[in-house]
Every structure is written in C-alpha cells, then in structure tokens.
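Dear colleague,

I am passing on the structure we spoke of, so that you can look through it yourself. My notes on it come after the display.

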Amino acid sequence: QQQFQQQQQQQQQQQQQQQQKWTEEEEKECREERQICKSEEKRCIKKLLSEGESQRSAEKECEKRKEKCEGRHEIRQQLKQVLRKVEEGNAFSSSLSAILRGSQPSQTRKIEGRVTVG
C-alpha cells in the first residue's frame with residue numbers, strides 16, 4: 001500500500017515537472033513567434049513604402065498580415081495543447097470519413113469529421 005502511494009506521488013511529481021517544462025517551452029515559443037510576427041510587420045511596411053504605398057495604407061495592410069500571423073500562432077499552440085492532452089491520456093480524439101456516391105460521378109461527396117474531447 002505504502003509503495004503504491006509512493007509510486008503515485010512520483011508519477012504526479014514527474015507529470016508536474018513535465019507540465020512545467022511544457023509551459024516554459026510554450027511561453028518561449030510564444031515570445032519568439034510574436035517577435036517574428038512583429039518583425040514581418042516592420043519588413044512589410046518598409047517593402048510597401050518602397051513600392052510607393054502611403055504610410056497609412058502600408059500600416060493598415062501590414063497590421064492585417066500581423067494579425068493573421070498571430071492567429072496562425074494561436075491555432076498552432078491550441079493544437080499542441082490538444083495533442084499533448086491526447087498523449088497524456090487526458091483527451092480522446094476520433095475522426096470519421098464517409099464517401100457518398102450518386103449515380104453520376106459528379107454526385108460523389110466526401111464527408112469528414114473530427115472530434116476531440118478533453
């Protein structure tokens with residue numbers, strides 16, 4: 001009984017250490033990716049200005065690009081978190097694919113679905 005409790009405590013400590021490591025890595029990646037997005041925005045503005053765009057339109061266009069860059073980053077982070085939960089056994093993921101065929105080749109439809117719980 002006591003040995004089992006010790007093993008459980010060790011596993012919990014290892015999980016906590018791993019979680020802390022992942023959190024630190026995520027934070028570092030976040031800072032780096034956001035810096036990349038900012039650098040790309042600055043380069044974008046310089047490029048558009050050199051091509052004759054006004055300051056205002058260049059800033060507006062490059063701000064949109066930066067927002068898209070940050071959005072892609074956030075999606076990647078969310079995916080990593082879900083995958084980690086699946087690896088740890090704290091989440092479940094399932095996918096389904098079906099092909100519906102009609103009498104004409106042009107009537108073929110493919111349906112795909114994915115669900116993750118956790």
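This is a predicted model: local features need pLDDT of at least 70, side-chain atom pairs count only at pLDDT 80 or more; totals for chains, interfaces and linings use all residues.

A search of the whole structure turns up two disulfides, and, with bonded cysteines counted along the chain, they follow the pattern 1-4, 2-3.

One of the disulfides joins C37 to C69, with an S to S distance of 2.0 Å. This pair links distant parts of the chain, since C37 belongs to helix α1 and C69 to helix α2 (residues 55-88), 32 residues apart. The torsion about the S-S bond of C37 and C69 is about -80°, so this disulfide is left-handed, and both cysteines are buried.

Another disulfide joins C44 to C62, again with 2.0 Å from S to S. Here C44 lies in helix α1 and C62 in helix α2, so the pair ties together parts that are 18 residues apart in sequence. The link of C44 and C62 is left-handed, with -80° about the S-S bond, and C44 and C62 are each buried.

C30, by contrast, is in no disulfide, and the nearest cysteine sulfur, which belongs to C37, is 10 Å away. C30 counts as partly exposed because its relative accessibility is 23%, where buried would require under 20%.

Note on methods: Residues are numbered from 1 along each chain as its sequence is written. Side-chain values use heavy atoms; hydrogens and water are left out. A disulfide is a pair of cysteine sulfur atoms within 2.5 Å. Helices (H or I, at least four residues) and strands (E, at least two) are DSSP runs, numbered from the N terminus. Buried means under 20% relative accessible area, exposed over 50%, partly exposed in between (1.4 Å probe, protein chains only).
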